[in-house]
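Colleague: Could you take me through the reading of a few features, giving the general idea before the case at hand?

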Amino acid sequence: MQTRAIHRLPSLATALFGFVAIFAFLGLGALALLAERRLEEVGNRVQAEAVQLRGEALRMNFGKALGREWNSVNAVAGTIDMGTIEATRPRLAAISRISNAIAWTGIADSSGRLLASSRPLLEGQDVSGSLWFRRGLNGKYIGSAETDDRLARLVPGAGDGPVRFVDMSVAIRDPEGRAEGVLLYRLNVTWIQEYLIESAGVLELDLFLVNGRGDVLFEHYEQIGQSLSPRARQVVTSGQQGVFQVPLEQNGEAFLALLPKIVTGDMASLDWRLVARVPAQVAGFGLGRVVFSRDIFWVVLGFGAALALGTALFARYFLAPLRTLSRDAEAIAEGRDTYPAEQRSSREAQTLSAAIVRLQRG
């Protein structure tokens, strides 16, 4: 009965392996969770910086592209003589043909009558009520063309969304500096959309063009495949700047980079902004926010294998002699002749070995 009870007790090797396995699992689990949290923080920071930098690069390049057209309209306006409009008309047609960004150009006198245009059918139209004329006559203007603009109905745009054209207008002045008329560049929004789509593909971004109120004027999303979520729209309409991590409408999260206005200075009246978006990448097994990444998994697996090997060597060198001595002691107690070997694996094994030898001799 006593022997059966003894056999039901675990051996020292089994107890050692169990003890090491339990506490190694707890320790490595805690360490892995802490490391995963740290890796997640680092990964989020890297992704946030990446979307910020890529979005800022696109904003600057797009601003320069608009700036080239803006510089052109200012330069041309400085060379126009309102007394020789007939000679200017072929020049307007040439400007429209040179740049695919320009839908058409035109010159209006101070009363608001369109005197010359790269599209002759528009000549003679009264544009005195147009925003681009009123603002341009006072100096300079850039902004979205009005949707109820008569000229927009005569020459409809091909773009998608609420904006069809972008107007750039500058006052034409006489030698004394008085405003005699207004030069207009009407840009195709399709040129802007194609530019943004191409840039978004190169930079691997989802892009949203918004106005000062946060209304989406144009959107292009291939990285995630869905529009802005309600939470993302709230962030966009808040007018903040920076990078924000927001939930998607379906599963997952995304990083939003809310960038400053596309243009500043003389073009500050164009209150457009870009919003760049990338999916939040989590290098894990998809078990939620607390996950083991693949790198952490292999580190834990390797450490566990090394720990198991070390425990096996410990049991072989320190515990196996004790197991041998226990068997020798049991044999002596049963009256069998046995000659226990001297054990030197540890001080306890050496002491026990010497004691058993003395018992054998006695």
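**Aromatic rings and a helix face**

Modeller: Ring pairs join Phe62, Trp191 and Tyr195 into a cluster, where rings of Phe, Tyr and Trp (its six-membered ring) pair if their centres lie within 6.5 Å, with planes under 30 degrees apart counted as stacked, over 60 as edge-to-face and the rest as tilted. This is a predicted model, in which local features need pLDDT of at least 70 and side-chain atom pairs count only at pLDDT 80 or more, while totals for chains, interfaces and linings use all residues. Residues are numbered from 1 along each chain as its sequence is written, and side-chain values use heavy atoms, with hydrogens and water left out.

Colleague: How many aromatic pairs does a search of the whole structure find?

Modeller: A pair of aromatic rings is described by the distance of the centres and the angle of the planes. The search of the whole structure gives 4 aromatic pairs. In one of them, tryptophan 132 and phenylalanine 133 have ring centres 6.3 Å apart and planes at 90 degrees, so this pair is edge-to-face.

Colleague: Which residues of helix α7 are buried?

Modeller: An α-helix has 3.6 residues a turn, so residues three or four places apart point the same way. In α7 (residues 230–237) the buried residues are Ala232, Val235 and Val236, buried meaning under 20% relative accessible area, with a 1.4 Å probe and protein chains only. They cover an arc of only 100 degrees around the axis (taken from the directions from the helix axis to the C-beta atoms), which puts them on the same side of α7.

Definitions and conventions:
Buried means under 20% relative accessible area, exposed over 50%, partly exposed in between (1.4 Å probe, protein chains only). Helices (H or I, at least four residues) and strands (E, at least two) are DSSP runs, numbered from the N terminus.
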